[in-house]
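Take a moment with the fold before reading on.

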Amino acid sequence: MMNNTLKAVLLTSILPFAAHADDGMTPWYIGAGIGINDYEPQCDMKTMASCGEDDPYAWDVFAGFLFNEYVGIEVGYRDLGRSEFTDYSGNLNDVGVHGVTAGFVGILPLGERWSFNAEVGAMHYLWYNNQNYGSDYYSATDFAPYFGAGFGFNVTENFKFEMKYRRYQDLNDTEYNTYDMESNYWGLQLSYRFGHKAKEEMVVVIFDSDADGVPDDIDQCPNTPPNEQVDAYGCTIYEDKIFKFEIGAEFDNNSAVVKEAAMPDIKKVADFMIEYPDSMVEVSGYASNVGAPDYNMALSQRRADAVANILTKRFGIEKSRVTSKGYGITKPLIPGRSAAANKANRRIEAQVTGVEQVPLMRMEAIE
């Protein structure tokens, strides 16, 4: 019989402990097993006249808790089957053992799926004997130690298949002291662990050597300057450089007539466009903030058209290269209606493009 200290240790082992689940798997599992059990030494004892038919098939169910991937505890119920024999007194004995178990399990991983398992614990068993076909039934209960070992194979992340050997010591008839048996068990078991492994996050390392926001694998223009805007392929985006010319037309109030004094400024625009035959010009007209906005918008358009006509008719610039647009009072140089503001805002500007392209700068670079 086991002493009280060992009983206390085994009972304490089934108390719950805090554990951490690894990768989304819980520490809990359940399972069942089946195997063959061999009681000894009943047929080897001199008191046995003959051995009858055994029913050696054993089975068990269990539940376990893993502290980590190496150590856990397990509780369960086991039926070790029975053994039939006749003693020299002519009595037919039909002995069997079953009961609850508690113990520690150890796991040693052997690669990704295989593992070596060991266990040690105790069984609180019921030993019984249906002597002479049950005419004389007697039983006893006590604790018996056991130990075991085996190999496991993780079929999936949840299911584990194991081959087991267990040795049970001192399966005694403690009530009548008639038999003192041990047991050897060989079997298979399948367990299910609760939970699911967390999906591994794929870490994608993106290289952007020139820090333009476009990965190297699709960057068709490496080493672009960091202050330039780029397209989806990492190439610099260009825009037309605007060459701005002020034309001192100095229109009279409510007039779209271009004075002769403005001709030298208009000629500068024409000469520049002749030098750059692919260039285009937009003549922009503006008005002072006097009168109705709609009227001033129309007036500014007439002023822009007047200068555009001079470029094409007097200086021979192709009409396809010249456009005109009135902006009215929407873009004043000097806000207000003072004499100085009105004079400055009654103006013409020529913006020439198509001469040169410059990189489009990033906003942070401009700031």
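**From a strand pair to the whole chain**

Glu246 has Glu349, in strand S14, as its bridge partner. The model is a predicted one. Strands S11 and S14 pair in the antiparallel sense, over five bridges. S11 covers residues 243–247, and S14 covers 348–353.

S14 has another partner. Six bridges join S14 to S12, and these two strands also run antiparallel. Here Val283 stands opposite Ala350 of S14. So S14 pairs with S11 and with S12, by the rule that two strands pair if DSSP finds at least two bridges between them. In a regular strand, side chains alternate between the two faces of the sheet.

Helix H3 runs through residues 293–313. Its buried residues pack against S11, helix H2, S12, strand S13 and S14. Which residues of H3 are buried? They are Asn296, Leu299, Ser300, Arg303, Ala304, Ala306, Val307, Ala308, Ile310, Leu311 and Thr312. Note Arg303 in that list.

The length of H3 can be checked. The helix has 21 residues, and at 1.5 Å a residue they should span 30 Å. The end C-alpha atoms are 30 Å apart, so the two values agree.

H2, residues 263–275, is the other helix here. It has 13 residues and reaches 18 Å from its first C-alpha to its last, close to the 18 Å expected. Its buried residues are Met263, Ile266, Val269, Ala270, Phe272 and Met273. They pack against S11, S12, H3 and S14.

Where does a nonpolar patch of about 960 Å² come from? Its members are Leu108, Leu110, Trp114, Phe116, Phe151, Val155, Phe159, Phe161, Met163, Leu188 and Leu190. Four strands each supply at least two of the residues: S5 (92–110), S6 (114–131), S8 (159–172) and S9 (180–195). S8 gives the most, with three residues.

Trp114 is one member to inspect. This residue sits in S6. Is Trp114 buried, partly exposed or exposed? Its relative accessible area is 43%, so it is partly exposed. That class lies between the buried limit of 20% and the exposed limit of 50%.

Ala211 counts as exposed because its relative accessibility is 53%, and the cut-off for exposed is over 50%.

Finally, step back to the whole chain. It has five helices and 15 strands. Of its 367 residues, 39% count as buried. The chain exposes about 20,600 Å², and carbon and sulfur atoms supply 58% of that area. Among contacts with a separation of 6 or more, 66% join residues 24 or more positions apart.

Conventions
Residues numbered from 1 in each chain as written. Predicted model: local features only at pLDDT ≥ 70, side-chain atom pairs only at ≥ 80, totals over all residues. Heavy atoms only, no water. Patch = residues over 30% accessible without salt bridge, like charges linked within 9 Å, V, L, I, M, F, W, Y side chains within 5 Å. Areas by Shrake-Rupley, 256 points an atom, 1.4 Å probe, with all protein chains shown as cover. Salt bridge = Lys/Arg side-chain N within 4 Å of Asp/Glu carboxyl O. Buried < 20%, exposed > 50% of the residue type's maximum accessible area, 1.4 Å probe, protein only. Expected span 1.5 Å × (residues − 1). Contact = heavy atoms within 4.5 Å.
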